[in-house]
Amino acid sequence: MLRLKFIVGRFLSVAFILSLQVSCATTARTDAPRPDSGPTQLAELSEVPFFPDNTTLCGPASLAAVLSFSGVSTNPAALSPTVYLPGRQGALQIEMLSAARRAGAVPYLLPPTQDALAASLKAGYPVVVLLNLGLSFAPSWHYAVLVGMEPAKGDELFILRSGEQRRQLMPAYTFKKTWERSGRWAMIVSSPEKIPAFLPQAALIDALVKFERSAPGDLAVTAYSSAIAAGVKDPVLQMGLANAQEKQGRLEEAMDIWRGLMEQQKDLAAGVNFVSALEKQGRSVEAVAAACDLLKSVDQAQAPVAMKILATEKLRNLLARNGGHCTR
């Protein structure tokens with residue numbers, strides 16, 4: 001089945017993501033009463049669960065907190081086997097993302113800005129952040145969950161679920177420095193029914209496509225449908241929805257989408273998928289006719305050369321299997 005491929009900017013290099021191991025550091029205790037900061041405080045997500053940890057399981061503990069808040073029933077012990085690497089005494093970011101998908105939630109990487117953190121909190125999403133509490137040449141990695149920000153005399157305070165502290169108040173200067181040393185990595189998770197519309201469209205699409213590859217059951221269909229209903233317009237989402245529907249045996253629904261993309265946007269990948277679906281249904285005459293029509297339009301299609309070559313090969317193979325011939 002052909003898929004529409006696209007490139008989305010990445011905030012961290014793949015090499016960095018794969019090589020960085022996190023062995024949780026102990027954070028200095030900075031619990032304190034809430035300062036009398038007035039009405040300008042950014043709403044704190046006080047209902048975010050807290051899983052205290054004084055070991056090297058800050059990754060599973062942080063992920064369990066945001067997953068539980070999103071509606072997934074889980075805990076650090078349930079997540080540790082797929083997130084925590086005993087040999088490295090830590091967790092990789094890529095495993096944090098994968099574990100969220102396996103749990104049925106959609107993980108989204110945030111733009112590496114404080115504005116993105118604030119927007120997430122304002123929209124009701126706690127944020128898993130990676131901090132380097134050591135130095136650039138002697139790192140001490142630590143995952144925590146950002147649940148709020150509030151002003152204080154002389155500095156802003158970042159409110160974290162961190163280690164053994166349910167409500168650690170970290171001065172903005174300290175937070176920014178330790179977050180900067182980690183590459184400003186941050187993620188949120190959401191149920192498939194809920195779309196964080198404040199994120200850039202490219203980030204939404206990237207997250208949903210990756211979710212489809214490992215999402216259990218019908219959740220990918222739900223996630224794509226939710227994004228489209230929320231007004232996120234892009235052929236990639238429609239292709240993704242059709243692919244997910246096909247996986248669930250909902251071929252007629254998928255075909256409706258492919259037909260629409262083929263007719264309205266001259267989408268080559270959608271056209272090949274539609275023709276292949278006709279063949280699967282045993283509608284050989286229709287499949288041959290549609291394949292011939294599509295072959296005539298390949299040269300004019302707005303698609304990469306490699307896709308044109310692959311589409312042509314698939315269509316010709318279909319014709320050969322069905323004894324079809326195209327008239328000029």
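**Local and overall features of the predicted chain**

Arg184 lies in the loop that runs between helix H6 (172-180) and strand S8 (186-190); helices (H or I, at least four residues) and strands (E, at least two) are DSSP runs numbered from the N terminus. The structure is a predicted model, in which local features need pLDDT of at least 70 and side-chain atom pairs count only at pLDDT 80 or more, while totals for chains, interfaces and linings use all residues. Residues are numbered from 1 along each chain as its sequence is written, and side-chain values use heavy atoms, with hydrogens and water left out.

Most residues other than glycine have a negative phi. Arg184 is not a glycine, yet its phi is positive, at about 60 degrees. With a relative accessibility of 32%, Arg184 counts as partly exposed; buried means under 20% relative accessible area, exposed over 50%, and partly exposed in between (1.4 Å probe, protein chains only). A positive phi is also found at Lys266, a residue other than glycine, where the value is near 55 degrees. Lys266 sits in the loop between H10 and H11 and is exposed, its relative accessible area being 61%.

The chain as a whole contains 13 helices and eight strands. It has 328 residues, of which 50% count as buried. Among contacts (heavy atoms within 4.5 Å) in the chain with a separation of 6 or more, 66% are accounted for by residues 24 or more positions apart.

The largest nonpolar core has 101 residues, and those that touch the most other members are Leu63, Leu117, Val129 and Trp258. Such a core is a set of buried Ala, Val, Leu, Ile, Met, Phe, Trp, Tyr and Cys residues joined through side-chain atoms within 4.5 Å. Helix H11 (residues 268-280) gives the most to this core, with eight residues.

Trp258 belongs to helix H10 (residues 251-265) and is buried, with a relative accessible area of 0%. Its C-alpha atom is 9.6 Å from that of Leu268, ten residues apart along the chain. Asn273 is placed in helix H11 and is also buried, at a relative accessible area of 1%. Between the C-alpha atoms of Asn273 and Arg259, 14 residues apart along the chain, the separation is 9.1 Å.

Two packed helices are described by the angle between their axes and the distance between the axes. Helix H2 (residues 58-70) packs with helix H4 (residues 93-102) at an angle of about 35 degrees, and the axes are 11 Å apart. Axes are lines fitted to C-alpha atoms, for helices over the stretch in contact, and angles run from 0 to 180 degrees between N-to-C directions. Gly59, Leu63 and Leu67 of H2 make the contact with Met96, Ala99 and Ala100 of H4.

Ser226 is located in helix H8 (residues 219-229) and is buried, with a relative accessible area of 15%. When its neighbours within four places in sequence are left aside, Ser226 is in contact with Pro192, Glu193 and Ile195.
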